[in-house]
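Here are a few notes to go with the model. Have a look at the structure first, then read on.

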Amino acid sequence: MSIWEAIILALIQGLTEFLPISSSAHLILPSQLFGWEDQGLAFDVAVHVGTLLAVVLYFRQEVGQLLVNWFGSLRGQHNAHSRLAWLIIWGTVPAGLAGLLGNDLIENFARSALVIATSTVAFGLLLWYADVRASQQQTIEQLSLKQVLIIGAAQALALIPGTSRSGITMTAGMMLGLTKTDAARFSFLLSIPIIIMAGGYQGLKLVQQPEAVAWSAIILGVVASFVAAYVCIHVFLQIISRMGMLPFVIYRLALGAVLFAFFI
């Protein structure tokens, strides 16, 4: 992998991890257009580390409160922060189970351009429907366990390439009544344990399959994905508070059309 390939792929991963536009739909483009080979496990781990650092740093105050109060709940000290921490844990369970049980099936049968293009368009339209039709009056603090498990089940659908983890969780959150900003905020917080699990899984595979590591590409991957993810979280929250999800819906439809035109 060249330095430029590492930078471009890390920027793509960092930007698309949190925007509701699907990282897999974008990562297929460089490989198909330029013939780039798979970046390898070490680079996958690097960009996961970069995006994880970005979301934790951006929400550092809230993450700190959640951690402190979650540990406090283990000693019987419960409050709104510990409740939210437990809801995030429960919301992670469906996707964690789906990843363990269905990841190999998805990898073998669902990573085609047709699947990615179809899900990019279909879930983009669903995002538009939620943005236009949902009541969007509820805050994160008002979420019930049932609602969180529904959002968690929706997150499991992100195993289908082209779905977008952030997009489907925001869609589910808005359909359940969350405001746009709170749906995005909960999606970002819910991403933390998922990114940790995905990065840990890839890291375990990397340890079991020793290979030469291009440290320059790894460092660039961490830095570029961190910067891209941090900036995109901030900009995204600004955009949806003013314009809603429509710009991202239009982008998804255009991207799906490109995928259909060039790769199918």
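1. Glutamate 141 and arginine 185 make a salt bridge through their side chains, at 3.3 Å from N to O. Keep in mind that this is a predicted model. The two residues sit 44 apart in the chain, with glutamate 141 in the loop between helix 6 and helix 7 (145-156) and arginine 185 in helix 9. Glutamate 141 has 44% relative accessibility, so it counts as partly exposed, while arginine 185, at 18%, counts as buried.

2. Which other residue does arginine 185 pair with at 2.5 Å? That is glutamate 62, going by the closest N and O atoms. Since arginine 185 is in helix 9 (residues 180-208) and glutamate 62 in helix 4 (residues 60-73), this pair ties together parts 123 residues apart in sequence. Both arginine 185 and glutamate 62 are buried.

3. Arginine 185 also has a salt bridge with aspartate 182, at 3.7 Å from N to O. Both are in helix 9, three residues apart, or about one turn of the helix. Aspartate 182 counts as buried because its relative accessibility is 12%.

4. Put together, Glu62, Glu141, Asp182 and Arg185 are linked in a salt-bridge network. The whole structure has four salt bridges.

5. On to helix packing. Helix 6 (residues 113-133) and helix 8 (residues 165-175) pack at about 30 degrees, their axes 9 Å apart, and are therefore roughly parallel. The crossing is left-handed. Residues meeting there include Phe123 and Leu126 from helix 6 and Ile168 and Met174 from helix 8. By class, the contact has eight nonpolar, two polar and one charged residues.

Notes:
Residues numbered from 1 in each chain as written. Predicted model: local features only at pLDDT ≥ 70, side-chain atom pairs only at ≥ 80, totals over all residues. Heavy atoms only, no water. Axes fitted to C-alpha atoms, helices over the stretch in contact; angles between N-to-C directions. Helix = DSSP H or I, 4+ residues; strand = E, 2+ residues; numbered from the N terminus. Parallel < 35°, antiparallel > 145°, perpendicular 65-115°, else oblique. Left-handed = near helix turned anticlockwise from the far one by under 90°. Contact = heavy atoms within 4.5 Å. Nonpolar A, V, L, I, M, F, W, Y, C, P; charged D, E, K, R; others polar. Buried < 20%, exposed > 50% of the residue type's maximum accessible area, 1.4 Å probe, protein only.
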